[in-house]
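Colleague: Hi! Could you walk me through this one? I'd like to ask a few things as we go.
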Amino acid sequence: MKKNTISLLSLAIAAVFVATGCESTENSAVSWNTQSNSNSSSVSTPTTDNSAPTGSASASDQVAFSSLNWVYGGFNGSGASHDKVSIKGLRMNSSGLSYAYSTDLSAWGIGHTDSSATLICMFVKNNSGRWVGGKIDWISSSRLTRDFHNVFSGYNGWTLSDVPNPCNACIVIVHKDGRRRSNVISATWTR
């Protein structure tokens, strides 16, 4: 009887973790979003000042997509949902970033050197703990590096005035239609 009760209690606790998801509350460069969705419908919780809908979560996001505030770059991709394209291995230094594809943009029917259909978007965690950012450049499967010229030059409102150094940063690739995106990957950025 005791053994069955302990087993049932263990299953109930595990079900609570699966149903509610797990988030790290530590201030680290990577936080995993393990929220599960039983369908692929979009979440309609606004995360930006202009109340745009947010896209669906992905188990491979290292930062919760819904926490990204699209305030710079002149593009709002908050309604995008993760669809096939997968990136990994983000590295950042004072002048630029690099990453790799696990599944490149051909999954969306985009040619290897075509940089007219997708955007690389970057977000930084500011002094108040808010993820702010947006588009920094156009991207293709052949472009695995980007410099920070647009970020440092104030492109479409970009500013780092309220961002610590070093800071937590992340990137996501979004189709220009705003409906599809890659997973979100993160790293620490020292300027």
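This is a predicted model: local features need pLDDT of at least 70, side-chain atom pairs count only at pLDDT 80 or more; totals for chains, interfaces and linings use all residues.

Colleague: Where is N156 placed?

Modeller: N156 belongs to the loop between α2 and β8. Its phi is positive, about 45°, although N156 is not a glycine.

Colleague: Which peptide bond is cis?

Modeller: The one from N165 to P166, with omega near 0°. P166 lies in the loop between α2 (149-152) and β8.

Colleague: Back to backbone angles. What is phi for K84?

Modeller: K84 has a positive phi near 70°, and K84 is a residue other than glycine. You'll find K84 in the loop between β2 and β3.

Colleague: And is K84 buried or exposed?

Modeller: Exposed: the relative accessible area of K84 is 55%, and the cut-off for exposed is over 50%.

Colleague: Let's zoom out. How many helices and strands does the protein chain have?

Modeller: Two helices and ten strands. Starting at the N terminus, the order of elements is α-β-β-β-β-β-β-β-α-β-β-β.

Colleague: What share of the residues is buried?

Modeller: The protein chain has 191 residues, and 43% of them count as buried. As for surface, the chain exposes about 9,800 Å², with carbon and sulfur atoms supplying 52% of that.

Colleague: On to the strands. Which strands make up the open sheet, and in what order?

Modeller: Three strands, in the order β3-β4-β7, with antiparallel pairing. β3 (86-92) and β7 (145-147) are the edge strands, each pairing on one side only. From one strand to the next, the twist averages 25°.

Colleague: How many bridges join β3 to β4?

Modeller: Five, and the two strands run antiparallel, with β4 covering residues 96-103.

Colleague: Now β6. How does β6 pair with β5?

Modeller: In the antiparallel sense, over eight bridges. β5 and β6 form a hairpin with five residues between them, and in the turn G129 has a positive phi of about 85°.

Colleague: And how does β1 run relative to β6, parallel or antiparallel?

Modeller: Parallel, with four bridges joining β1 to β6. Have a look at G134 in β6: G134 is the bridge partner of Y72, and G134 is also the bridge partner of M122.

Colleague: Why is β6 described as largely enclosed by the rest of the structure?

Modeller: Because eight of the nine residues of β6 are buried.

Colleague: Let's talk packing. How many residues are in the largest nonpolar core?

Modeller: The largest nonpolar core has 30 residues, and those with the most contacts inside it are M92, L97, Y99, M122, V124, I171 and W189. Two or more residues each come from β3, β4, β5 (118-125), β6 (131-139), β8 (167-175) and β10 (185-189). β8 gives the most to this core, with four residues. There is also a second, separate core of 14 residues, which includes V63, F65, F123 and V174.

Colleague: Which residues is V124 in contact with, leaving aside neighbours within four places in sequence?

Modeller: V124 is in contact with R130, W131, V132, W158, L160, V163, C167, N168, A169 and W189.

Colleague: One last stop: where is S78 placed?

Modeller: S78 is in the loop between β1 (68-72) and β2 (81-82).

Colleague: Why does S78 count as buried?

Modeller: Because its relative accessibility is 2%, and the cut-off for buried is under 20%.

Colleague: What does the side chain of S78 make a polar contact with?

Modeller: With the side chain of N76, at 2.8 Å.

Colleague: Great, thanks for the tour!

Conventions. Residues are numbered from 1 along each chain as its sequence is written. Side-chain values use heavy atoms; hydrogens and water are left out. Two strands pair if DSSP finds at least two bridges between them. Axes are lines fitted to C-alpha atoms, for helices over the stretch in contact, and angles run from 0 to 180 degrees between N-to-C directions. Buried means under 20% relative accessible area, exposed over 50%, partly exposed in between (1.4 Å probe, protein chains only). Accessible areas come from the Shrake-Rupley method with a 1.4 Å probe; for residues, only the protein chains shown count as cover. A polar contact is a pair of N or O atoms within 3.5 Å; within protein, one must be able to donate a hydrogen and the other to accept it, and residues adjacent in sequence count only if both atoms are side-chain atoms. A nonpolar core is a set of buried Ala, Val, Leu, Ile, Met, Phe, Trp, Tyr and Cys residues joined through side-chain atoms within 4.5 Å. Contact means heavy atoms within 4.5 Å.
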